[in-house]
Amino acid sequence: MNLCLRPWIRLNYSMQCRNKCLIRFSRRGFSAQSAKPTQEFMGHAGVSHSEFDSHAYSNSLQDCIHKDELGRGKGLHCEILKRGGCLDLFGWNILLNMYVKSDFLCDACKLFDEMPERNTVSFVTLIQGYSESGRFVGAVELFVRLHREGHELNPFVFTAFLKLLVRMDCGELGWGIHACIFKLGHESNAYVGTALIDAYSVCGRVDVAREVFDGILYKDMVSWTGMVTCFAENDRFKEAFKLFSQMRMVGFKPNNFTFASVFKACLGLQAFGAGKSLHGCALKSRYELDLYVGVALLDLYTKSGDIDDACRAFDEIPKKDVIPWSFMVARYAQNDQCNEAVEMFCRMRQALVLPNQFTFASVLQACATMEGLNLGKQVQCHVIKVGLDTDVFVSNALMDVYAKCGKMENCLELFAESLHKNDVTWNTVIVGYVQLGDGEKALRLFLNMLEYLVRATEVTYSSALCACASLAILETGIQIHSLTVKTSFDKEIVVSNALIDMYAKCGSIKDARLVFDLMNKKDEVSWNAMISGYSMHGLGRDALRIFEKMQEMKVKPSKLTFVGVLSACANAGL
């Protein structure tokens with residue numbers, strides 16, 4: 001070994017030993033002792049106090065980040081300030097990162113402004129903090145400031161900013177950033193390319209995302225997964241499968257996000273057999289214990305109607321998180337398996353998992369479907385205890401319970417107390433009045449909704465038309481029909497069906513038939529409404545001709561169809 005190097009090797013080893021001692025001291029609260037350098041050592045080493053202290057403090061701060069010990073980190077920050085800010089730029093960036101990772105963004109901003117100098121890492125760290133906390137405007141302003149101050153636009157800057165655009169749901173703005181990336185020659189970088197794929201994915205530009213993917217020079221696992229996810233999220237399920245197969249042939253092993261995306265592709269293609277095969281692959285790699293994979297499996301099995309396999313998959317995944325529990329409660333409620341939804345909710349509480357707003361909304365949906373007023377009231381008490389009664393999803397679900405149980409007074413009380421009314425809030429009360437046969441109040445609330453400039457939906461229009469039908473007021477129905485044409489909701493099947501029913505019950509069977517003939521797509525309700533309309537007007541033979549056409553179109557008749565047909569036969573004397 002070169003004799004000249006030995007003193008420096010001993011010096012480096014001594015510094016490392018001393019730094020470790022400093023970290024141990026600081027962990028035990030002896031921050032002043034850990035920060036006090038040994039004068040003799042520094043003299044022999046030929047290293048300045050500030051340089052040595054910066055290295056030691058940087059190690060201690062990094063340890064605070066890993067251990068999530070903000071209090072100890074703040075103590076070290078105080079010692080650093082007492083010593084005159086003895087950190088180099090690397091150390092200041094670590095301190096900034098500590099405050100960002102601990103969600104103390106105000107402290108991070110103050111530190112950023114007080115830093116003696118800043119580089120690209122400083123800006124990117126704070127941009128990520130702004131992005132994580134949802135302060136998107138501040139993050140964009142920081143990016144502009146970074147560029148104006150002449151700092152380097154490297155791959156990490158572009159990656160951070162593209163992720164910000166995805167969070168803002170402004171992926172289409174990636175076009176401008178892409179041009180800058182191309183000019184600087186970063187388009188073949190795997191990190192930048194994957195971030196671009198995500199940005200183009202959220203705005204539906206799948207073909208451009210594929211071009212970016214093909215341009216990545218050295219594709220890693222994240223790049224392949226990003227492209228598979230892009231295909232799956234944009235309903236290009238066959239291409240997702242094909243790319244997944246190519247990825248396996250190249251030699252990459254799928255990760256948890258890859259499996260979750262491919263399971264979604266299986267669901268989109270109704271390829272439940274392939275989904276079960278992939279489940280076996282996930283079992284071999286132990287990814288069935290992952291939350292993302294577990295929820296994707298639950299979605300696959302519940303939507304395929306295989307509840308037994310869904311329950312088995314649920315039993316296999318970890319249940320400390322609220323997401324799988326909420327998912328199962330929601331799926332049971334959506335499939336009208338109300339008792340199972342309530343039972344799952346009770347199991348969740350026994351497992352000491354705290355429900356969130358989506359869990360409560362789902363179990364309340366089950367209460368509304370089964371018209372379980374007492375159970376709904378018990379859930380409402382629980383909601384108030386945990387402070388989620390002001391959440392719009394929970395409030396709407398509670399209103400639905402009271403409306404379907406015929407307690408419109410309680411429903412209106414919740415409606416008046418709701419601070420953040422949306423279209424669902426208004427629709428719930430309107431539908432409640434219609435179901436109770438109070439068409440006048442339903443129409444009055446519909447007019448109030450329009451006066452408050454709340455955007456009506458297909459549910460709003462179909463409910464208002466049902467109210468017109470029950471009151472047999474043709475003129476109001478025609479006005480609502482005009483509104484649906486202006487807003488293009490007349491093309492929705494549920495609105496067209498309500499229009500047929502309204503015109504038939506208001507005595508204008510020709511207009512009902514006109515709406516029926518203009519429909520691009522008809523369902524069972526459309527045919528039943530037209531048959532019942534003709535039967536109601538004593539036009540039995542016309543009703544039977546519609547029934548014959550229904551059979552020719554291979555539409556399966558229901559009980560209501562045969563009731564309408566038998567009524568038509570009676571009217572026609574057949």
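Visitor: Let's start with open space; how much lies in the largest pocket?

Guide: In this predicted model, the largest pocket holds about 1100 Å³ of space. Its lining is made up of 39 residues, and those closest to the centre are Asp198, Thr225, Gly226, Thr229 and Phe257.

Visitor: Which elements give two or more residues to that lining?

Guide: The elements that do so are helix 8 (120-132), helix 10, helix 12 (190-202), helix 14 (221-233), helix 16 (256-268) and helix 18 (291-303). Helix 12 provides the largest share, with eight residues.

Visitor: And how many of the lining residues are nonpolar, polar or charged?

Guide: The lining of the largest pocket divides into 21 nonpolar, ten polar and eight charged residues.

Visitor: What about the second largest pocket, what's its volume?

Guide: The second largest pocket has a volume of about 470 Å³, and among its 24 lining residues Cys466, Asn497, Asp501, Lys505 and Val525 lie nearest the centre. The largest share of this lining, seven residues, comes from helix 32, while the classes are twelve nonpolar, eight polar and four charged.

Visitor: Switching topic, how many aromatic pairs are there?

Guide: The count comes to 18 aromatic pairs. In one of them, Trp224 and Phe252 have ring centres 6.3 Å apart and planes at 45°, so the pair is tilted. Trp224 sits in helix 14 and Phe252 in the loop between helix 15 (237-250) and helix 16, 28 residues apart, and the pair thus links distant parts of the chain.

Visitor: Is Trp224 buried or exposed?

Guide: Trp224 is buried, with a relative accessible area of 7%, whereas Phe252 counts as partly exposed at 24%. Both belong to a cluster in which ring pairs link Phe213, Trp224 and Phe252.

Visitor: Where does Asn154 sit, then?

Guide: Asn154 is found in the loop between helix 9 (136-148) and helix 10 (155-167).

Visitor: Why does Asn154 count as buried?

Guide: Asn154 counts as buried because its relative accessibility is 14%, and the cut-off for buried is under 20%.

Visitor: What does its side chain reach?

Guide: The side chain of Asn154 reaches the backbone nitrogen of Val157 at 3.0 Å. Leaving aside residues up to four places away in sequence, Asn154 also touches Thr120 and His186.

Conventions:
Residues are numbered from 1 along each chain as its sequence is written. This is a predicted model: local features need pLDDT of at least 70, side-chain atom pairs count only at pLDDT 80 or more; totals for chains, interfaces and linings use all residues. Side-chain values use heavy atoms; hydrogens and water are left out. Helices (H or I, at least four residues) and strands (E, at least two) are DSSP runs, numbered from the N terminus. Buried means under 20% relative accessible area, exposed over 50%, partly exposed in between (1.4 Å probe, protein chains only). A polar contact is a pair of N or O atoms within 3.5 Å; within protein, one must be able to donate a hydrogen and the other to accept it, and residues adjacent in sequence count only if both atoms are side-chain atoms. Contact means heavy atoms within 4.5 Å. On a 1 Å grid over the protein atoms alone, a cavity is a set of points where a 1.4 Å probe fits but cannot get out, and a pocket is an open set with protein on both sides within 12 Å along at least five of seven lines; lining residues have an atom within 4 Å of a point. Grid points are joined across faces, edges and corners, and a volume is the space filled by probe spheres set on the points. Ala, Val, Leu, Ile, Met, Phe, Trp, Tyr, Cys and Pro count as nonpolar, Asp, Glu, Lys and Arg as charged, and the others, Gly among them, as polar. Rings of Phe, Tyr and Trp (its six-membered ring) pair if their centres lie within 6.5 Å; planes under 30 degrees apart count as stacked, over 60 as edge-to-face and the rest as tilted.
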